[in-house]
Amino acid sequence: MKQDMIVILDLGSHENTVVARAIRALGVYSEIYPHDITAEELKALPNVKGIIINGGPNNVIDGVAIDVNPDIYNAGFPVMAAGHDKALCQTKLAQFTNDENAVKEAVKSFVFETCKAEANWNMANFVNDQIELVRKQVGDRKVLLALSGGVDSSVVAALLLKAIGNNLVCVHVNHGLMRKGESENVVEVFRNRLSANLVYVDATDRFLDKLAGVGDPEQKRKIIGGEFIRVFEEEARKLDGIDFLGQGTIYPDIVESGTKTAKMVKSHHNVGGLPEDMQFELVEPIKQLFKDEVRACGLELGLPYEMVFRQPFPGPGLGVRCLGAITRDRLEAVRESDAILREEFAKAGLDKKVWQYFTIVPDFKSVGVKDNARSYDWPVIIRAVNTIDAMTATIEQVDWPILMKITDRILKEVDGVNRVCYDMSPKPSATIEWE
Ligand code: XMP
């Protein structure tokens with residue numbers, strides 16, 4: 001990193017990431033560190049121009065009030081204390097108020113006037129820096145990457161490809177629970193357009209066989225996660241001379257587990273690691289980026305817009321939307337109805353507005369009429385939600401004509417379906433997914 005950096009010390013604020021992002025939005029790089037970092041550790045960080053001590057309601061751990069290491073005030077950096085009323089520092093003290101603009105102005109003047117930081121942090125520089133760092137770390141050895149087609153793994157793939165070309169080996173495991181066209185798109189973009197070294201594994205039958213008859217949602221997740229690792233491991237063992245594993249770790253993953261006062265709110269859903277006997281060094285080129293920066297990085301690297309702005313999609317894929325024991329016919333109904341929903345949302349411009357939208361097919365049937373005869377078929381449930389952090393969510397109030405068009409198409413085009421419903425439930429009481 002050649003860029004100037006402002007260090008934020010987490011003294012129990014909920015707003016650390018907000019402040020870090022605000023500083024980055026000014027074009028100055030910023031990172032969050034635990035409150036008890038030492039002066040030596042601070043001095044060892046590259047290009048630190050100033051420190052913001054960010055105090056807040058979580059500044060008591062196990063009944064004891066926490067404070068920063070007093071040495072840091074003598075480490076030679078300008079210090080600004082925010083929401084931290086013990087006026088220990090001599091250099092500069094600003095009380096954060098509820099006035100957002102005043103806060104922004106105070107931070108801006110601290111960053112540029114007090115610290116004299118240069119606004120030289122942007123995606124082009126970031127990409128160039130990372131390419132250089134990856135080359136230094138990896139040399140002419142090989143990196144293996146599980147390329148799911150999600151935003152993070154796609155951006156890592158594009159970045160590593162720029163850095164090390166065909167020494168990057170991507171493995172895409174199609175577990176048969178992908179959305180329509182998604183695996184094909186990964187192959188098209190990475191193998192055909194970007195000439196990446198991509199191993200494509202169609203493991204559909206293997207996953208669906210393992211899942212046959214399993215109705216319990218947690219059991220389904222476990223099988224999908226476990227099988228994913230086994231398939232990936234088998235592919236990895238076939239490859240020779242791999243020393244590194246690429247990972248799409250992003251900054252919130254690090255901040256959540258890395259500071260002392262942040263509370264664990266969300267248990268991580270993502271598939272776990274590889275067995276211990278397979279030892280790789282990690283390459284994590286986007287680990288300093290927030291999600292919106294990851295997307296900007298993807299665009300900088302030339303990835304298609306749809307890939308970079310893809311809506312969130314759970315690791316177990318359509319498996320948690322084909323409720324109960326997965327059957328191939330219902331799985332197809334989920335996939336086809338989801339494709340119709342996505343198409344119609346895009347036509348209506350809702351794809352850019354709604355955070356997550358998908359369809360669910362439950363494992364019960366209802367009575368209907370088709371061609372003047374009684375039918376007994378599956379319902380499709382539509383869900384469209386908005387959220388900031390996925391902890392709570394509200395439903396999107398989709399206009400009736402759009403919903404009616406989608407309903408009409410699903411009933412006409414999707415086999416085995418005779419009813420369409422709209423899920424009105426916010427989170428809580430519901431979760432976003434149904435399983
Ligand atoms: P819930 O259903 O818990 O979902 O309200 C919150 C968000 O997390 C996504 N989700 C997952 N993501 N692996 C993932 O990578 C999973 O197993 C998983 N389960 C839920 C969900 O789509 C929503 O965005």
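Predicted model: local features only at pLDDT ≥ 70, side-chain atom pairs only at ≥ 80, totals over all residues.
## Around the ligand

Let's start with the ligand. It has 13 residues around it, and the closest are R221, Q356, K427, I432 and E433. What kinds of residues make up this shell? They divide into 5 nonpolar, 5 polar and 3 charged.

For R221, a polar side-chain atom sits 2.4 Å from a ligand oxygen. Q356 also has a polar side-chain atom by a ligand oxygen, here at 2.8 Å. With E433, an N or O atom of the side chain is 2.5 Å from an oxygen of the ligand. How much of the ligand does the protein bury? On its own the ligand would expose 500 Å², and the protein buries 88% of that.

You can find R321 in the loop between α11 (305-308) and α12 (328-347). Is R321 buried or exposed? It counts as buried because its relative accessible area is 1%, which is under the 20% cut-off.

## Strand β3 and its partners

Now for some strands. β3 runs over residues 48-55 and is mostly covered, with 7 of its 8 residues buried. Strand β1 (residues 5-11) pairs with β3 in the parallel sense, over 7 bridges. If you want a place to look, M5 has V48 in β3 as its bridge partner.

β3 also pairs with strand β6 (residues 79-82), again in the parallel sense, and here there are 4 bridges. One spot to check is N54, whose bridge partner in β6 is A82.

How far apart are I6 and I52 in sequence and in space? They are 46 residues apart along the chain, while their C-alpha atoms are 7.4 Å apart.

## Aromatic rings

To describe a pair of aromatic rings, you give the distance of the centres and the angle of the planes. The model has 5 aromatic pairs. One of them joins W121 and F126 edge-to-face, with 6.2 Å from centre to centre and 70° between the planes. Both of these residues are tucked away: W121 is buried at 8% relative accessible area, and F126 is buried at 0%.

Y305 and F309 give you another arrangement to look at: their rings are stacked, 4.6 Å centre to centre with 25° between the planes. Are these residues buried or partly exposed? Y305 is partly exposed at 41% relative accessibility, and F309 is partly exposed as well, at 38% relative accessible area.

Which residues do ring pairs link into a cluster with W121? The cluster is made of Y29, W121 and F126.

Most peptide bonds are trans, and most residues other than glycine have a negative phi. With that in mind, have a look at the bonds on either side of P428. A cis peptide bond joins K427 and P428, with omega at about -15°. Another cis bond joins P428 and S429, and there omega is about 20°.

Where does this happen? P428 lies in the segment after β17 (417-422), and S429 is placed in the segment after β17 too.

## Positive phi in two loops

Next come two residues with a positive phi. S195, which is not a glycine, has a phi near 55°. Its place is the loop between α6 (182-193) and β10 (197-202).

D371 isn't a glycine either, yet its phi is positive, at about 50°. This residue is found in the loop between β14 (366-370) and β15 (373-386). Is D371 buried or exposed? D371 counts as exposed because its relative accessible area is 71%, which is over the 50% cut-off.

Terms used. Residues numbered from 1 in each chain as written. Heavy atoms only, no water. Near = heavy atom within 4 Å. Polar contact = N/O pair within 3.5 Å; in protein donor to acceptor, adjacent residues only side chain to side chain. Areas by Shrake-Rupley, 256 points an atom, 1.4 Å probe, with all protein chains shown as cover. Nonpolar A, V, L, I, M, F, W, Y, C, P; charged D, E, K, R; others polar. Buried < 20%, exposed > 50% of the residue type's maximum accessible area, 1.4 Å probe, protein only. Pairing = 2+ DSSP bridges. Phe/Tyr/Trp six-rings, centres within 6.5 Å; stacked < 30°, edge-to-face > 60°.
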